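Here is a short briefing on one protein model. Please look through the structure first, then read the points below it.

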Amino acid sequence: MAPFELRWGIIATGGISTQFTKDLVLDPAGRDANDVKHIVKAVGSRSKESADKFISAVLPSDLQEGAQGGTYEEVFANPEVDVVYIGTPHTYHYENTMDALNAGKHVLCEKPFTFDVEELDELTALAKKKNLFLMEAVWTRFHPIAYAVQDAIFSGKYGKVKRVFADLAFNIEPDKLDAKTNRMIAAELGGGGLLDLGPYPMVWVMMILHQNPGNKERAPPSSVKGHMRIYERTGVDASSTWIVDWKDVGTAVCTTSIETQMNLERCVTVQMEGGELTVDFPTFRPEGYTITPKPANREDADPEGEGNANPDANKTQHHSHPVPESAGRGMNYQADEVARCIRDGKLESERCNLAESRIVQSVFDEVRKQGGYLGGNAKGKAGTR
Ligand SMILES: NC(=O)c1ccc[n+]([C@@H]2O[C@H](COP(=O)([O-])OP(=O)(O)OC[C@H]3O[C@@H](n4cnc5c(N)ncnc54)[C@H](OP(=O)(O)O)[C@@H]3O)[C@@H](O)[C@H]2O)c1
């Protein structure tokens, strides 16, 4: 059967739109996705010049002629576009997604999905009303490593999960950045570590605790405690720490920062009854994990290593699950999921569904409330200075 072809419109020509589009147009066979195909039909920018430049710089020469450069509105109105990818700063996600849905397009929107849960609820309701597919671009969830880590933990071999520690932090040297225009620190652009980097610790926490077989009903967290160190120049968070608890499953301690570099050895640590699993750096695109079994808790383990049916049972083992080179950076796995869902008439992805995005967004809302965040969205709606 011929692969299902999905026709994309790209909104914005910045860093992540460039990366996403480069990966999108790679041959799906390079990642064993032989049932789907992606084609870029339109690129939208605040400047027509930038859209045209993007098409010639990012798309392979044989695809350039078929792609139209123009404004965001022209992309939404383009009848050849099935789905729109939104790669604008956080505080524009709501407005851009709203416009795309109103124009009858399916949407894949960058993380964080919206500025707050109220915006997300409106988008979710609109997508449902219009019978359109909607997903947050949480690409890591679709990487080989994500499935492998879940398989290792959910196999039950190491007992129940007790605690998860997850971090993503970089020193971006905020004092050197423009406080009005740099999206990482500007209040009006929803700056700070939580909204930009925080989605990644939450990727692992959601996959390990929320999707845990022990959370049979997929209940939301029972408590959220947040703390922020405020970056005085703009009122956004310089460093954030939040503790999320799933009753009957386990506790997560999440951290993020834009003023210090994280420990590269430990971006995610999962403590289980029978051992510890650590996920390789970086939190957003790891390619391996390490298991250190706890011999005392292992039925088949022998602390001395002798007479053991499985001599490796006690040993620390690293497991590799790379994104193949032919898949580029790997932002295309999520696009394959979008294509399959749309092909099959689904309005949301099971693996990256809207209820889970809502939980993450609600956690961020709560942490900002408790932490005294002063950034606001583009409409000046929330907590603006
Ligand atoms: N999934 C990931 O790994 C990942 C990585 C990085 C970023 N992101 C997310 O993607 C979004 C964009 O991040 P980015 O790093 O690509 O940002 P960026 O390089 O600054 O690009 C953002 C683009 O949005 C458009 N834009 C519209 N209004 C704007 C405004 N007022 N100020 C600045 N740009 C505006 C611009 O494109 P035009 O001029 O063409 O309109 C700009 O180039 C963020 O929400 C971020 O969280 C995701």
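How many cavities of 30 Å³ or more does the count come to? The count comes to two. This is a predicted model. The chain is divided into domain 1 (4-138 + 331-348) and domain 2 (141-328 + 357-371).

**Domains**

- Domain 1 and domain 2 have C-alpha centres 27 Å apart.
- In the contact between them, 24 residues of domain 1 meet 24 residues of domain 2.

**Largest pocket**

- The largest pocket has a volume of about 900 Å³.
- Its lining holds 34 residues. Gly15, Ile16, Gly87, Thr88 and Arg183 lie nearest the centre of this pocket.
- Both domains take part: domain 1 and domain 2 each give at least three residues to the lining of the largest pocket.
- Helices α1 (15-24), α4 (72-77), α5 and α8 (193-197) each supply at least two lining residues.
- Which of the elements gives the most to this lining? Helix α5 does, with four residues.
- By class, the lining of the largest pocket has 13 nonpolar, 12 polar and nine charged residues.

**Second largest pocket**

- The second largest pocket has a volume of about 260 Å³.
- Among its lining residues are Ile153, Phe154, Lys160, Val161, Lys162, Asn212, Pro213 and Asp248.
- Helix α7 (144-154) and strand β7 (161-169) each supply at least two residues of this lining.
- The lining of the second largest pocket divides into five nonpolar, four polar and three charged residues.

**Largest cavity**

- Rolling a probe the size of a water molecule over the atoms shows where empty space is left.
- The largest cavity has a volume of about 90 Å³.
- Residues lining the largest cavity include Lys111, Glu136, Arg141, Met202, Cys352, Asn353 and Glu356.
- Helices α9 (199-210) and α11 (354-371) each contribute at least two residues to the lining of the largest cavity.
- Domain 1 and domain 2 each provide at least three residues of the lining of the largest cavity.
- Six nonpolar, two polar and four charged residues make up the lining of the largest cavity.

**Helix pair α5 and α6**

- Helix α5 (residues 93-102) and helix α6 (residues 117-130) have axes that come within 10 Å. The axes cross at roughly 10°.
- Angles under 35 degrees count as roughly parallel. The two helices, α5 and α6, are therefore roughly parallel to each other.
- On the α5 side, Tyr94, Thr97, Met98, Leu101 and Asn102 make the contact. On the α6 side, the partners are Glu119, Glu122, Leu123, Leu126, Ala127 and Lys130.
- The residues of this α5 and α6 contact divide into six nonpolar, two polar and three charged.

**Backbone details**

- Most residues other than glycine have a negative phi, and most peptide bonds are trans.
- The peptide bond from Lys111 to Pro112 is cis, with omega near -15°. Pro112 sits in the loop between β5 (106-109) and α6. Lys111 also lines the largest cavity.
- Phe281 and Pro282 are joined by a cis peptide bond, with omega about -5°. Pro282 is in the loop between β12 (275-279) and β13 (288-293).
- Asn131 is not a glycine, yet Asn131 has a positive phi of about 60°. Asn131 belongs to the loop between α6 and β6 (134-136).

Methods: Residues are numbered from 1 along each chain as its sequence is written. This is a predicted model: local features need pLDDT of at least 70, side-chain atom pairs count only at pLDDT 80 or more; totals for chains, interfaces and linings use all residues. Side-chain values use heavy atoms; hydrogens and water are left out. Axes are lines fitted to C-alpha atoms, for helices over the stretch in contact, and angles run from 0 to 180 degrees between N-to-C directions. Angles under 35 degrees count as roughly parallel, over 145 as roughly antiparallel, 65 to 115 as roughly perpendicular and the rest as oblique. Contact means heavy atoms within 4.5 Å. Ala, Val, Leu, Ile, Met, Phe, Trp, Tyr, Cys and Pro count as nonpolar, Asp, Glu, Lys and Arg as charged, and the others, Gly among them, as polar. On a 1 Å grid over the protein atoms alone, a cavity is a set of points where a 1.4 Å probe fits but cannot get out, and a pocket is an open set with protein on both sides within 12 Å along at least five of seven lines; lining residues have an atom within 4 Å of a point. Grid points are joined across faces, edges and corners, and a volume is the space filled by probe spheres set on the points. Domain bounds come from an automatic or database domain assignment.
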